[in-house]
Amino acid sequence: MNWILLFVAGLMEIVWAVGMKYSNGFTRLWPTLITLIGMIASFVLLALAMRSIPLGTAYAVWTGIGAMGTVIFGMVFLNEPASILRILCLVLIFSGIAGLKLLGSR
């Protein structure tokens with residue numbers, strides 16, 4: 001269950017990062033509110049997941065999900081570069097997340 005909380009916390013990190021982009025420096029109300037709600041939800045879920053997941057593992061997985069999600073969002077919706085090297089970096093981040101999950105359960 002805590003891994004599900006951690007995964008959702010990572011998704012909420014994507015939400016607040018994207019919301020921050022659209023908030024235009026916190027000058028637009030709705031994107032700013034979405035950013036703040038996403039931040040609070042992300043931190044609360046991360047904290048709950050850390051009850052049983054080690055700190056380093058939880059934080060690395062959380063930031064990894066957020067980083068991957070925001071990069072993919074940028075590539076798909078914001079016309080950011082989608083080069084082979086950038087995609088390879090995403091694969092490496094995913095490999096690290098998967099490794100931490102697999103090794104954390106030993």
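Residues are numbered from 1 along each chain as its sequence is written, and side-chain values use heavy atoms, without hydrogens and water. As the model is predicted, local features need pLDDT of at least 70 and side-chain atom pairs count only at pLDDT 80 or more, while totals for chains, interfaces and linings use all residues.

**View 1. The whole chain.** The chain has 4 helices and 0 strands, where helices (H or I, at least four residues) and strands (E, at least two) are DSSP runs numbered from the N terminus. From the N terminus on, the order of elements is α-α-α-α. Along the principal axes, the C-alpha atoms fill a box of roughly 45 × 35 × 15 Å. Of the 106 residues, 32% count as buried; buried means under 20% relative accessible area, exposed over 50%, and partly exposed in between (1.4 Å probe, protein chains only).

**View 2. S23 in the loop between helix 1 and helix 2.** S23 belongs to the loop that lies between helix 1 (2-22) and helix 2 (29-49). S23 is buried, its relative accessible area being 0%. A polar atom of the S23 side chain lies 3.1 Å from the backbone nitrogen of F26. Apart from neighbours within four places in sequence, S23 is in contact (heavy atoms within 4.5 Å) with R28, P31 and T32.

**View 3. Helix 1 against helix 2.** The axes of these helices come within 7 Å and cross at roughly 160°. Axes are lines fitted to C-alpha atoms, for helices over the stretch in contact, and angles run from 0 to 180 degrees between N-to-C directions. Helix 1 is therefore roughly antiparallel to helix 2, a label for angles over 145 degrees; those under 35 count as roughly parallel, 65 to 115 as roughly perpendicular and the rest as oblique. The contact includes L5, W16 and Y22 of helix 1 and P31, G38 and L45 of helix 2. By class, 17 nonpolar, 5 polar and 1 charged residues take part. Ala, Val, Leu, Ile, Met, Phe, Trp, Tyr, Cys and Pro count as nonpolar, Asp, Glu, Lys and Arg as charged, and the others, Gly among them, as polar.

**View 4. Helix 1 against helix 3.** The axes of helix 1 and helix 3 (residues 55-77) come within 8 Å, crossing at roughly 45°. The two helices are therefore oblique to each other. Among the residues that meet are W3, F7 and I14 in helix 1 and V61, W62 and F73 in helix 3. This contact of helix 1 with helix 3 has 14 nonpolar, 6 polar and 1 charged residues.

Key:
Polar contact = N/O pair within 3.5 Å; in protein donor to acceptor, adjacent residues only side chain to side chain.
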